Amino acid sequence: MSRPKVFVTRPSVPKEGLDLLRKSCDVEVYPEEKPIPRDALLKGVAGKDGLLCLLTDPIDKEVLDAAGPQLRVIASMSVGFEHIDLEECKKRNIAVSNTPHVSTDSVAEFTVLLMLAVGRHLFANAAAMKNGEWVYSWSPMLFCGQGLKNATVGIVGMGRIGQALLKRLIPFGISKALYHDVFHPIEPAEEMGAVYTEFEDLLRQSDYVVAMCNLSDETRGIFNKKAFKLMKPTAVFINTSRGGVVNQDDLYDALKSGQIKAAGLDVMVPEPLPKDHKLTTLPNIALLPHVASAEVSVRILMAEMAANNILNAFNGKALISPVY
């Protein structure tokens with residue numbers, strides 16, 4: 001019996017995942033450490049039974065046609081799966097999986113890190129050192145920011161990561177935790193003291209507004225001119241969810257005019273953000289290159305989960321983390 005053929009779109013997928021596949025599959029890996037070009041993807045997937053892809057790989061009808069009718073499973077080494085045409089996969093009875101939950105803790109930890117770094121002006125203060133702006137040994141209000149103690153934190157999206165974030169914020173002595181989610185009440189969050197709040201009221205009350213929501217038709221661009229106008233002028237806005245939930249032009253205007261105090265983004269549109277993008281010119285924003293889940297152990301777990309999803313599909317078993 002011939003071994004299943006699997007195509008992997010990036011050589012930096014951790015070897016732990018690749019080794020799992022190689023035990024029982026013929027594995028072809030795109031050799032260059034960059035997003036796979038379209039022509040290489042169409043060529044590489046041809047005749048394969050399985051595909052291990054990344055968030056940077058658009059998997060649409062053309063790719064599925066190029067693969068052929070024997071393609072049985074697509075495993076994306078990512079939490080998001082908006083890059084995959086799910087309806088087309090359903091028509092062809094192709095199983096699709098992602099890698100949720102394994103990055104929950106790392107993203108929650110990173111979000112706290114970003115909240116503190118932006119609220120306390122860590123990046124701006126480090127730049128001030130390099131630019132020779134530290135001219136007094138000490139001054140009462142020099143480089144002052146705001147921390148988490150006694151702060152009201154509004155979390156938009158109270159899924160697993162939102163709940164993990166809330167759990168980590170409580171020991172800092174926050175005053176109040178508000179949340180908004182299409183599903184409510186969310187009992188685990190409310191047991192930790194979070195209070196469901198309508199979106200506009202959450203914006204008005206919060207010292208920190210944290211985007212933790214999925215990208216959907218309802219959430220696309222939800223943080224826009226209207227939303228920023230409702231926030232406090234001292235508010236800090238953080239996004240570690242999806243870039244598309246923010247209207248970046250409106251965010252730029254809000255930061256430039258002082259409508260809100262500061263922002264920190266780990267996700268944006270496009271990715272990578274051009275180095276001359278207007279957001280990069282602002283002193284009151286921290287821009288990070290989509291690294292909230294960037295821990296070695298997490299990446300290994302993601303690779304292993306993607307590989308095991310593929311193997312389960314080949315062995316007639318239920319996928320560990322099916323998208324549908």
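**Entry 1: a pocket**

I began with the second largest pocket, which has a volume of about 320 Å³. The volume is the space filled by probe spheres set on the points, which are joined across faces, edges and corners. Lining residues have an atom within 4 Å of a point. Of the 16 residues that line this pocket, F123, A124, P283, N284 and I285 are the closest to its centre. Helix 5, helix 6 (122–130), strand 11 (262–265) and strand 12 (285–287) each give two or more residues to the lining. Helices (H or I, at least four residues) and strands (E, at least two) are DSSP runs, numbered from the N terminus.

**Entry 2: what I am looking at**

I reminded myself that this is a predicted model, where local features need pLDDT of at least 70 and side-chain atom pairs count only at pLDDT 80 or more, while totals for chains, interfaces and linings use all residues. Residues are numbered from 1 along each chain as its sequence is written, and side-chain values use heavy atoms, with hydrogens and water left out.

**Entry 3: domains**

I looked up the domain assignment, and it gives domain 1 (5–98 + 296–315) and domain 2 (104–287); such bounds come from an automatic or database assignment. The C-alpha centres of domain 1 and domain 2 lie 33 Å apart. The UniProt record, an unreviewed entry, places "domain: D-isomer specific 2-hydroxyacid dehydrogenase NAD-binding" at residues 113–292. UniProt positions are in the numbering used here, feature names are shortened, and annotations may be inferred rather than shown by experiment. I found that residues 113–292 are 30% helix and 15% strand, with end C-alpha atoms 10 Å apart.

**Entry 4: the largest core**

Buried means under 20% relative accessible area, exposed over 50%, and partly exposed in between (1.4 Å probe, protein chains only). Among the 31 residues of this core, M115, V153, I155, L165 and L169 touch the most other members. Two or more residues each come from helix 5 (104–119), strand 6 (152–156), helix 7 (160–169), strand 7 (176–180), strand 9 (208–211) and strand 10 (236–239). Helix 5 provides the largest share, seven residues. I also noted a second, separate core of 29 residues, including L203, I260, L265 and M268.

In helix 7, I found G162, Q163, A164, L165, L166 and L169 buried. Their cover includes helix 5, strand 6, strand 7, helix 8 and strand 9. Leaving out residues up to four places away in sequence, L165 touches A108, T111, V112, M115, I155, V210 and M212; contact means heavy atoms within 4.5 Å.

Is V153 buried or exposed? V153, in strand 6, counts as buried because its relative accessibility is 0%. Beyond four places in sequence, V153 touches residues including M115, L169, L178 and V210.

S106 lies in helix 5 and is buried, with a relative accessible area of 5%. Beyond four places in sequence, S106 is in contact with A292, S293, E295 and V298.

I finished with G193, in the loop between helix 8 (187–191) and strand 8 (195–196). G193 counts as partly exposed because its relative accessibility is 43%.

Note on methods: A nonpolar core is a set of buried Ala, Val, Leu, Ile, Met, Phe, Trp, Tyr and Cys residues joined through side-chain atoms within 4.5 Å. On a 1 Å grid over the protein atoms alone, a cavity is a set of points where a 1.4 Å probe fits but cannot get out, and a pocket is an open set with protein on both sides within 12 Å along at least five of seven lines; lining residues have an atom within 4 Å of a point.
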